[in-house]
Amino acid sequence: MSGMPNKPNTAREPNDSRTVAPATPRVITAEDASPVSRVLARAFTDDPMIRWFFPDDASRETAVGRYFTTLLTRQYAHHGVCERTDAAAAFWVPPEGREKAVPDAETVRELEEILGDRAALFRAAVEGAGEEAPTEDSWYLAVIGTDPAARGQGHGAALLRSGLAQADAAGLPAHLESSSANNLPFYEHFGFTVTGEARLPGGGPVVWSMRRPPRPANGV
C-alpha cells in the first residue's frame, strides 16, 4: 500500500473544488493528510491485507486512518509522487525515491504502536516484501484506494493513468502488489500482469505481484 522526474498532472490548486473536476488528479499537500487518510481508511476497510493487520472491526477505520497518515506525512509525501481526487488517493515511488522511502526507525515505531499486537506480523511481511522487491528501476504503486461511495466513477482510473503516464514518460515499467483477487482484472485492464504470488507470514492472505512494461507516450 515521496524527487519528481515529471510534473504531476495538475493544473489547478489542490483544494479548489469549484474549478477542478472531482476525478481530476492533483498533488497532495500537507493540508490534505487528514481527508486523504480518511478516504483511504474507508477504501481499505474490506482489503484482505488491511483486515489481517487490523482485525478489530470496531477500531479498524480509526487505526487505518492513523496508519495512512503516518505513511503519507513521514514517508511518501517526501519521497514519492502523491496525488488525489475528491474521493481517491495514490502514492507512487519513482526509482530515485526508493531507498529514501524506506521507513526510518521512528516511523517504524509509530506504525508498530498503531498496529499493536499485530506489529510482529507486519514486520515479517515487510521483510518478506523487501526480499521479493523488483531490482529493476521502476515506478512502484505503493497505495491506491477509492472511497467505496465513489467507486465506478473513474477516480481510481484517473490516478492510475496519471502515474502510469509519468512512468511511460521516463521509459520505465510499473510495479504493484495487491491482496485482493477482485482487483486484479482492474489492473490487468491497464496492462499489468501477475508476476508472482506469496502468502503473508502467519497464515495471512495471498499477495499478488504485478508488473506493467512501459508504453509509448499517451499509450495508457
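Predicted model: local features only at pLDDT ≥ 70, side-chain atom pairs only at ≥ 80, totals over all residues.
Visitor: Why is Gly191 called buried?

Guide: Gly191 has a relative accessible area of 17%, and because buried means under 20%, this residue, which sits in the loop between α7 (184–189) and β6 (193–199), qualifies for the term.

Visitor: Which residues is Gly191 in contact with, leaving aside its neighbours within four places in sequence?

Guide: With those neighbours set aside, Gly191 is in contact with Arg211, Arg212, Pro213 and Arg215.

Visitor: How do you know that Asp47 has no salt bridge?

Guide: The nearest side chain of opposite charge, that of Arg151, is 8.1 Å away from Asp47, and because a salt bridge requires a distance within 4 Å, the buried Asp47 has none.

Visitor: What makes the pairing of the Asp47 and Ser179 side chains a polar contact?

Guide: Their separation is 3.1 Å, and the cut-off for such a pair of N or O atoms is within 3.5 Å; Asp47, placed in the loop between α1 (33–43) and α2 (48–53), also reaches the backbone nitrogen of Ile50 with its side chain, at 3.1 Å.

Visitor: What puts the buried residues of α4 on the same side of the helix?

Guide: In α4 (residues 105–115) the buried residues Thr107, Leu111, Ile114 and Leu115 cover an arc of only 95 degrees around the axis, and therefore lie on the same side of α4. An α-helix has 3.6 residues a turn, so residues three or four places apart point the same way. Arg109 and Glu113 are exposed on the other side of α4, and the helix is followed by Gly116, whose phi is positive, near 60 degrees.

Notes: Residues numbered from 1 in each chain as written. Heavy atoms only, no water. Helix = DSSP H or I, 4+ residues; strand = E, 2+ residues; numbered from the N terminus. Buried < 20%, exposed > 50% of the residue type's maximum accessible area, 1.4 Å probe, protein only. Lys, Arg positive; Asp, Glu negative; His and termini not counted. Polar contact = N/O pair within 3.5 Å; in protein donor to acceptor, adjacent residues only side chain to side chain. Contact = heavy atoms within 4.5 Å. Arc of directions from axis to C-beta.
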